[in-house]
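Please keep the sequence and the 3D view at hand while reading.

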Amino acid sequence: MGSVSLKIGDGTARFRRATLCSSAVNILMLLSVITTNLFALYAFTSSPKDHQTHHHLQHHSHKNISLISEQVALILREIDSSQKKLAQMEKELLGYESVDLSRPNIANELKLFLQHHQLPLGKDSRSGITEMVASVGHSCEKSVDLLSQYMTYKVSGPCPDDWSLAQKLVLRGCEPLPRRRCFAKSVPKVDLKPFPISLWKPAVGNKTVNWSGLGCKSFECLNSKKLGRDCAGCFDLVNGFENQRFVKARGKNDFLIDDVLAMGSGGIRIGFDIGGGSGSFAARMAERNVTVITNTLNVDAPFSEFIAARGLFPLFLSLDHRFPFYDNVFDLVHTGSGLDIGGKPEKLDFLMFDLDRILRPGGLFWLDNFYCANDEKKKALTRLIEQFGYKKLKWVVGEKVDTSGSGKSEVYLSTVLQKPVRL
């Protein structure tokens with residue numbers, strides 16, 4: 001027989017043999033029983049050797065009673081300590097090391113979701129497990145009050161309109177979130193265009209998007225704002241430059257899709273776009289029969305709904321999450337300034353290694369107009385890229401005038417790299 005232990009500290013399920021855990025518990029209990037009996041035997045058999053007088057007998061009787069009381073108190077302390085150790089071991093076995101479900105005001109749905117479940121047919125012959133435990137991000141412990149609020153709802157009823165709360169938890173590292181047993185808010189999707197017309201027609205109207213939790217309440221408002229270096233007016237598919245991106249260059253840093261596709265050995269069929277704005281890169285690829293998944297969050301705008309309305313595939317996932325793809329599956333990975341996740345250099349290091357993992361040998365890594373805040377940052381990124389041994393198919397460093405109106409020149413790096421075959 002075996003047991004499952006979910007180590008929430010690293011966000012993954014780990015399986016332990018039941019014999020080791022059971023032995024530890026049994027040994028601890030046995031030692032407690034032996035210790036208790038020895039103390040009791042000593043306490044009740046201890047008496048003075050000389051019983052010369054009745055006075056001395058009474059005196060020593062009082063001493064024995066006092067000694068017994070001390071020993072009983074010691075035994076109770078030992079039992080309490082043993083119970084605490086057993087409780088801690090039980091938490092480790094159940095996988096609740098980080099999320100303390102004994103805290104007050106924890107939602108019952110959260111407790112139920114994280115409860116371990118026995119496999120109905122006993123031990124699984126392939127994996128060796130006997131229990132299944134649901135996964136939840138280890139950083140949820142830091143936001144357990146918000147997590148409990150997220151898991152407070154009427155079962156089989158409508159979910160609270162709290163997607164922004166869910167995203168707040170994700171951005172705090174509470175990822176993956178627990179599943180819920182309620183119906184998400186429905187927003188009617190009317191006037192959706194058929195594919196491929198949907199790629200470049202105004203995809204959705206203002207009334208077909210959930211604007212709760214957002215500052216803007218219309219696409220007109222969004223198009224008047226610069227939502228990021230890769231999204232300035234990116235929801236306007238008719239006017240502006242969005243419908244010319246990747247097919248018309250405005251500078252030497254802008255590579256054309258057809259030129260990049262021609263560099264791919266063995267053909268480009270599926271790709272992954274990080275921080276893809278409103279999905280225009282995926283749209284251009286779809287016109288060339290290339291399937292692209294766009295990684296996005298709804299930060300300041302309904303990116304996921306807009307991308308889906310264009311007939312494309314949005315993936316609601318933060319860059320701190322290990323990408324849910326198998327190794328060596330993508331022909332192309334495309335990203336721009338969305339690669340700049342800030343923090344310590346090791347954070348970008350982890351991200352780059354995960355991107356390398358999902359990119360097949362011979363596949364292309366397209367870094368598109370990455371903003372280099374300073375020369376040191378450019379050098380650090382260059383050193384990081386070079387350690388992977390990618391072949392440089394195209395490498396351009398250029399300057400652009402800041403679009404915010406400051407008139408200051410900014411340095412950008414654009415490159416197309418090919419992943420080597422590693423033996």
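The model is predicted. Its protein chain has eleven helices and 13 strands. Of the 423 residues in the chain, 42% are buried. Among contacts between residues at least 6 apart in sequence, 65% join residues at least 24 apart.

**The open sheet**

- Seven strands form an open sheet, in the order S9-S8-S7-S10-S11-S13-S12, and their pairing is mixed.
- Strand S9 (313-316) and strand S12 (391-401) each have a single partner strand, so they stand at the edges with one side left without a neighbour in the sheet.
- From one strand to the next, the twist averages 15°.
- Strand S7 (residues 270-274) pairs with strand S10 (residues 330-335) in the parallel sense, over four bridges. Within this part of the sheet, Phe272 stands opposite Val333 in S10.
- Strands S11 and S13 run antiparallel and are joined by seven bridges. Here Leu367 has Thr415 in S13 as its bridge partner.
- Strands S12 and S13 also run antiparallel, with ten bridges between them. Val396 stands opposite Ser414 in S13.
- Strand S13 (residues 409-418) is largely enclosed by the rest of the structure, because eight of its ten residues are buried.
- Helix H10 (residues 345-358) lies across S7, S10 and S11, and runs at about 145° to S11.

**The nonpolar cores**

- The largest nonpolar core has 38 residues, and those with the most contacts inside it are Phe219, Phe235, Phe281, Met285 and Trp366.
- At least two residues of this core come from each of helix H6 (219-223), helix H7 (257-261), helix H8 (280-286), helix H9 (303-309) and strand S11 (359-372). Helix H8 gives the most, with five residues.
- Leaving aside residues up to four places away in sequence, Met285 touches Ile257, Leu261, Val290, Val292 and Leu332.

**Helix H5 and its cover**

- In helix H5 (residues 163-171), the buried residues are Trp163, Leu165, Ala166, Gln167, Leu169 and Val170.
- Helix H4 (144-150) and strand S9 are among the elements that cover these buried residues.
- Just after H5, Gly173 takes a positive phi of about 90°.

**The cavity**

- Rolling a probe the size of a water molecule over the atoms shows where empty space is left.
- The count comes to one cavity of 30 Å³ or more, and the space in the largest cavity is about 40 Å³.
- The largest cavity is lined by Val333, Met352, Leu355, Asp356, Leu359, Phe365 and Tyr390.
- Helix H10 and strand S11 each supply at least two residues of this lining. H10 gives the most, with three residues.

**The largest pocket**

- The volume of the largest pocket is about 830 Å³.
- It is lined by 41 residues, of which Arg229, Phe241, Arg245, Arg250 and Lys400 are the closest to its centre.
- Two or more lining residues come from each of strand S6 (231-232), S7, H8, S10, S11, S12 and S13. Strand S12 provides the largest share, three residues.

**Asn210, a residue in a loop**

- Asn210 is located in the loop between H5 and H6.
- Is Asn210 buried or exposed? Its relative accessible area is 12%, and the cut-off for a buried residue is under 20%, so Asn210 counts as buried.
- Not counting residues up to four places away in sequence, Asn210 touches Asp161, Trp163, Lys185, Val187 and Glu305. One of these, Trp163, is a buried residue of helix H5.
- Asn210 and Glu305 are 95 residues apart along the chain, and their C-alpha atoms are separated by 8.5 Å.

Conventions:
Residues are numbered from 1 along each chain as its sequence is written. This is a predicted model: local features need pLDDT of at least 70, side-chain atom pairs count only at pLDDT 80 or more; totals for chains, interfaces and linings use all residues. Side-chain values use heavy atoms; hydrogens and water are left out. A nonpolar core is a set of buried Ala, Val, Leu, Ile, Met, Phe, Trp, Tyr and Cys residues joined through side-chain atoms within 4.5 Å. Buried means under 20% relative accessible area, exposed over 50%, partly exposed in between (1.4 Å probe, protein chains only). Contact means heavy atoms within 4.5 Å. Two strands pair if DSSP finds at least two bridges between them. Axes are lines fitted to C-alpha atoms, for helices over the stretch in contact, and angles run from 0 to 180 degrees between N-to-C directions. On a 1 Å grid over the protein atoms alone, a cavity is a set of points where a 1.4 Å probe fits but cannot get out, and a pocket is an open set with protein on both sides within 12 Å along at least five of seven lines; lining residues have an atom within 4 Å of a point. Grid points are joined across faces, edges and corners, and a volume is the space filled by probe spheres set on the points.
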